[in-house]
Amino acid sequence: MDIEEVLRWLNLSVEEYTGEELSVLRREIITQFWEGKTYEEMKVSNYKVSYIETNLGPKLLKLLSEVTGKKITKKNLRIVLEEAMKERSHASPPQTPPPQVAIAHPSQAQHDQSFALPEKIAPVKNWVGRSRELDTLKSQIFDPDTRAITITAVCLVGLAGIGKTTLTSQLVRELQAENAPFTVAAWETLRSPTGKAPGFDSIIDSLLFTLSNGEISAATTQNDCRQKTEMLIRLLKKQSCLIVLDNVETVLQTGQASRTGYFGSSGFAVKTV
């Protein structure tokens, strides 16, 4: 029985149990557990051995134990998974949590995922590679020792059509699966069907609604630009927010080298000045 076969089976089982597929990170850790490597021997991009041993590893083993209904440790992982696959070779993946597993808090049902995926997040299909780019982005966002957020903004620049949006979407999905220390996430696209920048009100209203978990709606702000801006700043100071602004080039000045990178004369930019 090879590891690829095991990963395919686990992916189906985990997706059935949690609604989410196994992340690239979890696949990598399972593979090295399968190979019998010690924590000191493991090499996981962008993560310190101490963090894998005290955080990522134990959480993953707990999840696999819940999914299979068997106590899985780092040492017995290979044997237990082989036995579980043989026992369920003619059965579908588990439909509900095993009877002996008690879920004490609602948050545990989400396996400690730190935030919900944004409603407007771009889809990701047939994802292959780009692990180096993902690792680079994560290293820009987090301290490798403490996993604390160390930066306030990252700009992803490249030619049109090379996959910046898809890469960002995959990054957000992996950050969620890895229990990144964000409280809430929002995704806004600064490009309208007409190709022009959207109005400032529509973007900030959407951000306020998402970051406040629906408590602040357009009706409560009375269409006051200054009030909306102050509310947004308070929300950003109150909690760790992951915000993606896609197609930012739509609101920037183009055509003049001396003005490149500055806001253009769109409705969005005028009201933010």
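**Confidence, fold and selected residues of a predicted chain**

The chain has an average pLDDT of 78, and 78% of its residues score at least 70; pLDDT is the predictor's confidence in each residue, on a scale from 0 to 100. Residues 92-112 fall below 50, and the model gives this stretch 28 contacts beyond near neighbours in sequence, a contact being defined as heavy atoms within 4.5 Å. A further stretch, residues 269-273, stays under 50 and has seven contacts beyond four places in sequence. Where pLDDT is low, the predicted coordinates should not be read in detail. The structure is a predicted model, in which local features need pLDDT of at least 70 and side-chain atom pairs count only at pLDDT 80 or more, while totals for chains, interfaces and linings use all residues. Residues are numbered from 1 along each chain as its sequence is written, and side-chain values use heavy atoms, with hydrogens and water left out.

The secondary structure consists of 10 helices and two strands; helices (H or I, at least four residues) and strands (E, at least two) are DSSP runs, numbered from the N terminus. Read from the N terminus, the order of elements is α-α-α-α-α-α-β-α-α-α-β-α. Of the 273 residues, 39% count as buried, where buried means under 20% relative accessible area, exposed means over 50%, and partly exposed lies in between (1.4 Å probe, protein chains only). The accessible surface of the chain is about 15,800 Å², and carbon and sulfur atoms account for 53% of it; such areas come from the Shrake-Rupley method with a 1.4 Å probe, and for residues only the protein chains shown count as cover. Among contacts between residues at least 6 apart in sequence, 64% join residues at least 24 apart.

Helix H2 spans residues 24-34, and its buried residues are Leu-25, Arg-26, Ile-29, Ile-30, Gln-32, Phe-33 and Trp-34. The cover over these residues includes H1, helix H3 (49-68), helix H4 (77-87) and H6. Just after H2, Gly-36 adopts a positive phi of about 80°.

In helix H1 (residues 3-18) lies Asn-11, which is classed as buried because its relative accessible area is 10%. The side chain of Asn-11 reaches the backbone nitrogen of Leu-22 at 2.9 Å. Not counting residues up to four places away in sequence, Asn-11 touches Glu-21, Leu-22 and Arg-27. In helix H6 (residues 164-177) lies Gln-170, which counts as buried because its relative accessibility is 11%. With the neighbours up to four places away again left out, Gln-170 touches Val-24, Val-124, Trp-127 and Leu-134.

Ala-180 belongs to the loop between H6 and strand S1 (184-189). This residue counts as buried because its relative accessibility is 0%. Beyond four places in sequence, Ala-180 touches Ser-114, Phe-115, Phe-142 and Leu-175. The C-alpha atoms of Ala-180 and Arg-147 are separated by 7.9 Å, although these residues are 33 apart along the chain.

Val-248 is found in the loop between strand S2 (241-246) and helix H10 (267-272). Val-248 counts as partly exposed because its relative accessibility is 32%.

Notes
Polar contact = N/O pair within 3.5 Å; in protein donor to acceptor, adjacent residues only side chain to side chain.
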